[in-house]
Amino acid sequence: MVAILLLATGVVRADDFIVYSPHVLATQSEIELRGYSYGDPRADFNGGRAAELSISHAFTDWWKPEIYLARYERAPGSRGRLLGYEFENTFQFTQPGEYWADFGFLASYEHQIIAGKPDAVEFGPLVEKTVGRFTHRFNAIWEKQVGAGAAGKYEFRYSYSGTYAVSAAFRPGIEAYARPADRAYQAGPIVAGEWHVPGTTSSLEYRFGVVLGLNATAPRRTWLAQVEYEFF
């Protein structure tokens, strides 16, 4: 029942299946499409999916704002719908290699277009550590509804990504996601990479994978996909 309620109210979104980097590259612009799809025949999850389209530009070497132009969700047992818009900010606090790990902060505001659904804010620290070819990332994110009809409690989730750089274009690894509020814990393999467009300063990044449910209240399989075009 907990999972059914949370999915019906749209708590699980494409943002829940991404591990953010704290790094900001000044003057870089990005166009990003990412999403997930459940692979689980149970009624609580069957047919559930979400996707987001965003654009961003790093105005400085420590601040990157991002606007989500479209946020789509299809909850199990219902039709797909657009959720609204989001204004997200990544702040880089330290320079790469300055301390034992690199630190940043995520802060965002979500505006809903669905009647009766309150807006929300999200915030939390971003951590990244690279050792040789291994890169580790950790996020801890809190969410709070705001405005009319907002719930009084905070929702919390945390995530981890660990990859090994065979090459710039091929970085296999593992990701793990935890959403204590709906008692969902997942982990599984992913592959990511980046290709530079010859003769330009542009590049194309990708990330695909599947995370498996570690407990009964999590989806058995969640397929992840992300494609990002970066340019200066």
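This is a predicted model: local features need pLDDT of at least 70, side-chain atom pairs count only at pLDDT 80 or more; totals for chains, interfaces and linings use all residues.
I started with E32: beyond its neighbours within four places in sequence, it is in contact (heavy atoms within 4.5 Å) with E52, L53, S54, E66, Q226, V227 and E228. Numbering runs from 1 along each chain as its sequence is written, and side-chain values use heavy atoms, without hydrogens and water.

Is E32 buried or exposed? I find it buried, at 6% relative accessible area (buried is under 20%, exposed over 50%, partly exposed in between, with a 1.4 Å probe and protein chains only). I place E32 in strand 1, residues 29–38 (strands are DSSP E runs of at least two residues, numbered from the N terminus).

Next I looked at what the E32 side chain pairs with. I see polar contacts to the side chains of R34 at 2.8 Å and Q226 at 2.5 Å (N or O atoms within 3.5 Å, one able to donate a hydrogen and the other to accept it; residues adjacent in sequence count only through side-chain atoms on both sides).

Then the cores (buried Ala, Val, Leu, Ile, Met, Phe, Trp, Tyr and Cys joined through side-chain atoms within 4.5 Å). The largest has ten residues, among them V12, F17, V19, Y36 and L224. A second, separate core of six includes I18, L106, L126 and I141. Back to V19: setting aside residues up to four places away in sequence, I list R137, F138, N139, S159, Y160, S161, E175 and Y177 as touching it.

Terms used: Helices (H or I, at least four residues) and strands (E, at least two) are DSSP runs, numbered from the N terminus.
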